[in-house]
Amino acid sequence: MAVRNILRIGHPELRKKSEPVPITEIRSAEMKKLIRDMFDTMADVGGIGLAAPQVGVLKRLVIVGFDRSDRYPELKEGIERKILFNPEIEVLKAPAVGFWEGCLSVPDMRGYVERVRKIRLKYYDENETFHDKIIEGFDAVVYQHECDHLDGVLYVDRLKDPTKFGYNDELDMLEANRTKVIV
Ligand code: ZN
């Protein structure tokens with residue numbers, strides 16, 4: 001088990017654009033170790049997704065995966081464990097959906113963000129298999145949040161209303177602010 005340090009907002013690496021991973025490197029020992037460490041790191045802090053730049057590696061790699069648990073009672077389902085190399089998102093014409101988003105790089109805080117609820121997602125998995133699929137709903141929000149990290153974008157850049165952002169325990173005082181999602 002190797003838990004890596006998660007960079008927090010303010011660290012300049014989080015604001016950089018990550019490099020694509022050459023297809024020939026997807027199955028390398030270095031990538032296998034990085035993926036293992038990223039899952040260990042995500043499990044350690046109970047996250048839903050993690051992007052490589054969050055652990056200081058500027059490569060276009062994202063992992064997601066979350067088993068439904070009492071920790072997030074508002075989430076009716078988990079998210080299937082996936083490893084995405086060089087993901088590309090095309091936002092489709094669809095209504096926006098709003099969630100209170102958190103981020104492992106912005107600990108103890110959350111903010112309300114609206115994103116389009118339907119995307120086309122293209123990526124290579126850990127076996128070099130190419131995928132091209134339509135994703136909807138909460139999963140689409142998670143992928144958009146994680147892929148933003150690859151371009152140096154954090155959810156705080158996408159707040160529509162700066163008053164809907166703050167520390168979790170302060171926001172919890174208002175019932176309307178309680179739905180919490182950490183991605
Ligand atoms: Zn994040």
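Start at the zinc ion: its donors follow the spacing C-x41-H-x3-H along the chain. Donors here are N, O and S atoms within 2.8 Å of the metal (3.2 Å for Na, K and Ca); water is not among the atoms, so sites may look incomplete. This is a predicted model, in which local features need pLDDT of at least 70 and side-chain atom pairs count only at pLDDT 80 or more, while totals for chains, interfaces and linings use all residues. Residues are numbered from 1 along each chain as its sequence is written, and side-chain values use heavy atoms, with hydrogens and water left out.

**The zinc site.** Select Cys103, His145 and His149. They coordinate the zinc ion through SG, NE2 and NE2 respectively, at 2.1 to 2.3 Å. Cysteine 103 lies in strand S4 (residues 96-103) and histidine 145 in helix H2 (residues 138-149); the pair is 42 residues apart and links distant parts of the chain. Helices (H or I, at least four residues) and strands (E, at least two) are DSSP runs, numbered from the N terminus. Cysteine 103 and histidine 145 are both buried. Buried means under 20% relative accessible area, exposed over 50%, partly exposed in between (1.4 Å probe, protein chains only).

**Helix H2.** H2 has twelve residues and reaches 17 Å from first C-alpha to last, close to the 16 Å expected at 1.5 Å a residue. The expected span is 1.5 Å times one less than the number of residues. Eleven of the twelve residues are buried, so H2 is largely enclosed by the rest of the structure. Among the buried ones are Phe138, Tyr143 and His149.

Move to residues 118-124 and 130-136. These are strands S6 and S7, antiparallel and joined by seven bridges. Two strands pair if DSSP finds at least two bridges between them. Arginine 120 stands opposite isoleucine 134 in S7. Five residues separate the strands of this hairpin, and glutamate 128 takes a positive phi near 70 degrees.

**Histidine 11.** Go to the segment before helix H1 (29-45), where histidine 11 is found. Histidine 11 is partly exposed, with a relative accessible area of 33%.

**Zoom out.** Along its principal axes the C-alpha trace spans about 50 × 35 × 30 Å. Of the 183 residues, 48% count as buried.
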